[in-house]
Amino acid sequence: MRFERVCLGALSLLAVSPAWAADGGYSLLGDWPVKVVSESGIEAGLRGNWSYDYARFDDASFVDDDAWRRQELSAYVRKPGVFELALGYDFRNEVWLDNFVRISGAGGDLRIGQFKTPVGYEESAVGTAATTFMERAMPVTAFYAGRRLGVDWTYEKVPNWYFNLAVQAGGDLLGDNQGRTLGGRVVFNPIKDDTQILHLGLSASNEKREDDTLRVQVRPEAFLTTRRLVDTGALNRIEGIGRLGLEAIWQRGPLLLQSEYLRIGIDRYGAPDYSADGYYLAASWVLTGEKRSYKSAAFGNLKPSRDWGAVELAARYSHVDLDDAGVALGGRQSNWTVGANWYIGQHFKLQFNYVWTDARRRGVELDPEIAQLRAQIYF
């Protein structure tokens, strides 16, 4: 099986890395030389996330699979606090990532290019290499609007506050999602010190689409299947789309509690309006005692303090309700997920997730259980 070969190959490299470091080379478990810095302070470097997944379903109507989930590679040139130029592409999913020019100064950061829309903390703020679970929670993937071309402004110079406002228009770099989106996100940290962080966030957006149709659907937190268990079908005569997000996260040492509530409202002409919502509650505990980094109103990856790595256990409950009586019977779905992560050095991670799904749509109930594994290299 390809997934097993990937894992065995990665572990073989890890086994020889201490010897390599002893000979004066770079250890695979330590920091990698993926950037260069000039005497003037200008940095040029690479970022990457290559993830290979395996998924097994207990329901015969699903197909077990193993494949690359992501093959992301980005390059950047920047001078911290002055400017940044970024270019990125996901070769597995054939999509452009964040591609922009950013200018920084006393008035904040001004960014022009393609970047994420602001509603949905797990998608808009957390990088793909730093997710606690293998997939984002259902309500985030159901309602998230994706990347768009535009301009945004970020301001972080007020203590314990984070502000972001965006105007995005003209679709994305693939020529999809034509229209205009106005959005913003604000985060307040009433507690922020070396022992704990309390993160409270609010985000909202308004979208005017040139294409007057929209379909709200979501996979069962396992992206190697193309099946959507809840699905509104195509909603037409779309005049405007409003999205709302609420975030609450608390970290104290190795414990992290996280939740989001998301809502979408669709205004239609000549047809009834539609609305749907969802939420999730998640908890993670790092058995080895490390805590996640926190920067620009987002939690990042762990950095193990031991040679053999760090271990994290996690659990999550997520729910979406796509039913709106008289408009669309998209269905309701709830998931329970338990997970375990092994952070091997600073650039390798192995993840295991087990998902219990309960989906009901138009009188049909499906409850597959899903076991998933991931081998990840990131830098």
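Guide: The account below starts with the whole chain, goes into the core, and then moves out to charges, loops and surface.

This is a predicted model, in which local features need pLDDT of at least 70 and side-chain atom pairs count only at pLDDT 80 or more, while totals for chains, interfaces and linings use all residues. Residues are numbered from 1 along each chain as its sequence is written, and side-chain values use heavy atoms, with hydrogens and water left out.

The secondary structure comes to three helices and 23 strands (DSSP runs numbered from the N terminus: H or I of at least four residues for helices, E of at least two for strands). The radius of gyration (taken over C-alpha atoms) is 21 Å, close to the 21 Å that the globule rule gives for 379 residues, so the protein is as compact as a globular protein of that length. That rule is 2.2 Å times the number of residues to the power 0.38. Along the principal axes, the C-alpha trace spans about 70 × 55 × 40 Å. Of the 379 residues, 49% are buried (buried is under 20% relative accessible area, exposed is over 50%, and partly exposed lies in between, with a 1.4 Å probe and protein chains only). Taking contacts (heavy atoms within 4.5 Å) between residues at least 6 apart in sequence, 59% join residues at least 24 apart.

Now the core itself. A nonpolar core is a set of buried Ala, Val, Leu, Ile, Met, Phe, Trp, Tyr and Cys residues joined through side-chain atoms within 4.5 Å. The largest one has 37 residues, and F143, I266 and Y274 have the most contacts inside it. Two or more residues come from each of α3 (138-143), β12 (214-218), β13 (230-235), β14 (238-252), β15 (255-268), β16 (274-286), β18 (298-299) and β19 (310-324). I266 shows how such contacts are made: neighbours within four places in sequence aside, I266 is in contact with L214, L235, I238, G240, I241, D273 and Y274. Apart from this core lies another, of 10 residues, with A55, F57, F62 and I370 among them. In soluble globular proteins, nonpolar side chains tend to be buried together.

The whole structure holds 24 salt bridges (a side-chain nitrogen of Lys or Arg within 4 Å of a carboxyl oxygen of Asp or Glu). E207, at 1% relative accessibility, counts as buried. E207 pairs with R243, with the closest N and O atoms 2.8 Å apart. R243 is buried, as is E207. E207 also forms a salt bridge with R209, where the closest N and O atoms are 3.3 Å apart.

The pair D323 and R332 has another setting, with an N to O distance of 3.8 Å. D323 is partly exposed at 26% relative accessibility, and R332 is partly exposed at 44%. Elsewhere, salt bridges that share partners join D53, R69, E135 and R374 into one network.

E123 sits in helix α2 (residues 121-124) and is buried, with a relative accessible area of 14%. Not counting residues up to four places away in sequence, E123 touches K116, R136, V140, T141 and Y144.

Two loop glutamates have positive phi values. E221, in the loop between β12 and β13, has phi near 55 degrees and is buried, at 2% relative accessible area. E94, in the loop between β4 (83-90) and β5 (95-96), also has phi near 55 degrees, but E94 is exposed at 55% relative accessibility.

A nonpolar surface patch of about 960 Å² is made by I42, V77, L85, V101, I103, L110, I112, V151, W153, L165, V167 and L182. Patches are made of residues with over 30% relative accessible area and no salt bridge, with like charges joined within 9 Å and nonpolar side chains (Val, Leu, Ile, Met, Phe, Trp, Tyr) within 5 Å. At least two patch residues come from each of β6 (99-105), β7 (108-116), β8 (147-155) and β9 (161-169). I103, in strand β6, is partly exposed at 48% relative accessibility.

How values were computed:
Areas by Shrake-Rupley, 256 points an atom, 1.4 Å probe, with all protein chains shown as cover.
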